[in-house]
Amino acid sequence: MEKIPMTAGGHAALEKELKQLKSVERPAIIRAISEAREHGDLSENAEYHSAKEKQSFIEGRIKEIEGILGLAEVIDPKKLSGTIKFGATVTLVDEDTDQEKTYQIVGEHEANIEKGLLNIKSPIARALIGKEAGDSVEVHTPGGDRAYEILKVAYV
């Protein structure tokens, strides 16, 4: 199977979520199912069906995270340098609006655009890979073509 690149921070966040699911969420839902069973007829017990549905979601998420962590390849950006690649923190300026944005290129399971964590498979990240500070890039996005100038590349 193919390894899944991720930063140490992304790996730690998934491990934290897994621990929360296993040690807090799973026992809580088991208690909720047990309490709902005590209310009698399960065919018309909305609490029971809701709890079973939530249990199914939790178990599915646990399996998903365990699979991701099993294939994870943790990459430390501090050990990298040079042109833009996975882990780079890139400061861009939109050539049309002069708006500056800073992104870190991360794995798809830790991406969060609101936090400036850019999925390596996104159009912007794919356009940036291999470039360096001072370069201009054209990005073909679903919202239309955008032009950016790369102001700074750092590995932190």
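## Two strands side by side

How many bridges join β6 to strand β7, and do the two run parallel or antiparallel? In this predicted model, six bridges join them, and the strands run antiparallel. Strand β7 covers residues 144-154.

## The whole sheet

These strands belong to an open sheet built from five strands. Read across the sheet, the order is β5-β4-β3-β7-β6. The pairing is mixed.

Which strands form the edges? They are β5, residues 117-119, and β6, residues 136-141. Each of these edge strands pairs on one side only. From one strand to the next, the twist averages 45°.

## The largest pocket

Now look for empty space. Rolling a probe the size of a water molecule over the atoms shows where such space is left. The largest pocket holds about 220 Å³. Its lining is made of 14 residues. Nearest the centre of this pocket lie G10, A13, H109, E110 and L117.

What classes of residue make up the lining of the largest pocket? Five are nonpolar, six are polar and three are charged.

## Who builds the lining

Two elements give two or more residues to the lining of the largest pocket: α1, residues 8-37, and β4, residues 100-106. Which element gives the most? That is α1, with five residues. Strand β4 also has a place in the sheet, between β5 and β3 in the strand order.

How values were computed:
Residues numbered from 1 in each chain as written. Predicted model: local features only at pLDDT ≥ 70, side-chain atom pairs only at ≥ 80, totals over all residues. Heavy atoms only, no water. Pairing = 2+ DSSP bridges. Helix = DSSP H or I, 4+ residues; strand = E, 2+ residues; numbered from the N terminus. Axes fitted to C-alpha atoms, helices over the stretch in contact; angles between N-to-C directions. 1 Å grid on protein atoms, 1.4 Å probe; cavity = no way out; pocket = protein on both sides within 12 Å on 5 of 7 lines; lining within 4 Å. Points joined across faces, edges and corners; volume = space filled by probe spheres on them. Nonpolar A, V, L, I, M, F, W, Y, C, P; charged D, E, K, R; others polar.
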